[in-house]
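Hello,

Here is the structure I promised to pass on to you. Please open it alongside this message, and I will walk you through what turned up.

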Amino acid sequence: TRVKKVVDIVNDLCSGSDDNCNLIALTGDIVDGEPHGLMKAIEPLGNLCPGRDVPKLFVPGNHEHIHFIADQVVTVLSEIGIDSLVNDNIRLHRDETRENQLVVVGFDDLSSRRYRGKEQQAFDGIDAEKDTTILLAHQPNHLKVAERYGVDLMLSGHTHAGQFYPGNILAWLFNSRFSGYYPSRGKTAVYVSAGTLFWGPPVRFSTRHHEITDIRLVRSQ
């Protein structure tokens, strides 16, 4: 299946890396449609980086909410070893001293009632001056909130880089960031994935390729 091929590519990236693989992030819209058959289709994601203690985190996108299956997706992912980070945060210890920490924050999608007013809850216990913070937020339109809370890097999706005309124009018009990497204009840098597979018909015209993104953080000098 396409999902299994994605898992195989990610596992090759992890096993071939000179550095430790510190995190696998799924930033929403991993399913689109009615739940029948879809839950079985995502089960191969449970084989991501087998045998390695790599955190695997998911945040819901609008398509999980459009079809009212967000809770079902969260349950299935939990059963196969993928945690959902919904209006919450987690600290990842990047070395044995437990001092070199990375804080990952996860938002529910903007379309969800569960998100509204929960920004403070998601950032509970985080010191924006001391902590290195990554925000997983499906829609790049979370950017203003990310900047307000001093996020260092926001990882998003949602736009599919337009996928095909005229979707590319609409995605560009209605999102604060469209596709690819956007350096910080103040505090928060942004990376918007073009998506790994497809939404709707399995085609892409006049847009960026689909992608699995390997992000490496480098300490500033």
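Predicted model: local features only at pLDDT ≥ 70, side-chain atom pairs only at ≥ 80, totals over all residues.

**What I found**

Leu13 has a relative accessible area of 36%, so it counts as partly exposed. Leaving aside neighbours within four places in sequence, Leu13 is in contact with Ile212 and Asp214. Leu13 and Asp214 are 201 residues apart in sequence, yet their C-alpha atoms are 8.0 Å apart in space.

Ile212 belongs to the segment after β9. With a relative accessible area of 30%, Ile212 is partly exposed. Together, Ile9, Leu13 and Ile212 make a nonpolar surface patch of about 220 Å².

**The chain as a whole**

If you want the overall picture, the chain has seven helices and nine strands. Of its 221 residues, 43% are buried. The chain exposes about 12,300 Å², and carbon and sulfur atoms supply 51% of that area. Among contacts with a separation of 6 or more, 64% are between residues 24 or more positions apart.

Next, have a look at strand β7, residues 153-156.

Strand β6 (residues 132-136) runs parallel to β7, and three bridges join the two. Leu136 has Leu155 in β7 as its bridge partner. Between these strands the chain crosses through helix α6 (residues 143-148), and this β-α-β crossover is right-handed.

β7 is also joined to strand β9 (residues 189-192), by four bridges, and that pair runs parallel too. Here Leu155 has Tyr191 in β9 as its bridge partner.

As a reminder, strands of a sheet pair through backbone hydrogen bonds, either parallel or antiparallel. Three strands, in the order β1-β2-β3, form an open sheet with parallel pairing. Its edge strands are β1 and β3, each of which pairs on one side only. Three bridges join β1 to β2 (residues 56-58). In that pairing, Ala25 stands opposite Leu57 of β2.

**Two residues with positive phi**

Asp29 is not a glycine, but it has a positive phi of about 55°. Asp29 lies in the loop between β1 (24-26) and α2 (38-41). Is Asp29 buried or exposed? Its relative accessibility is 16%, so Asp29 counts as buried.

Asn87 is the other one: its phi is near 55°, a positive value in a residue other than glycine. You will find Asn87 in the loop between β3 (83-84) and β4 (88-93). Asn87 counts as buried because its relative accessibility is 4%.

Happy browsing, and do write back with any questions.

Best wishes

Conventions:
Residues numbered from 1 in each chain as written. Heavy atoms only, no water. Pairing = 2+ DSSP bridges. Right-handed = clockwise from strand over helix to strand, strands pointing away. Patch = residues over 30% accessible without salt bridge, like charges linked within 9 Å, V, L, I, M, F, W, Y side chains within 5 Å. Areas by Shrake-Rupley, 256 points an atom, 1.4 Å probe, with all protein chains shown as cover. Salt bridge = Lys/Arg side-chain N within 4 Å of Asp/Glu carboxyl O. Buried < 20%, exposed > 50% of the residue type's maximum accessible area, 1.4 Å probe, protein only. Contact = heavy atoms within 4.5 Å.
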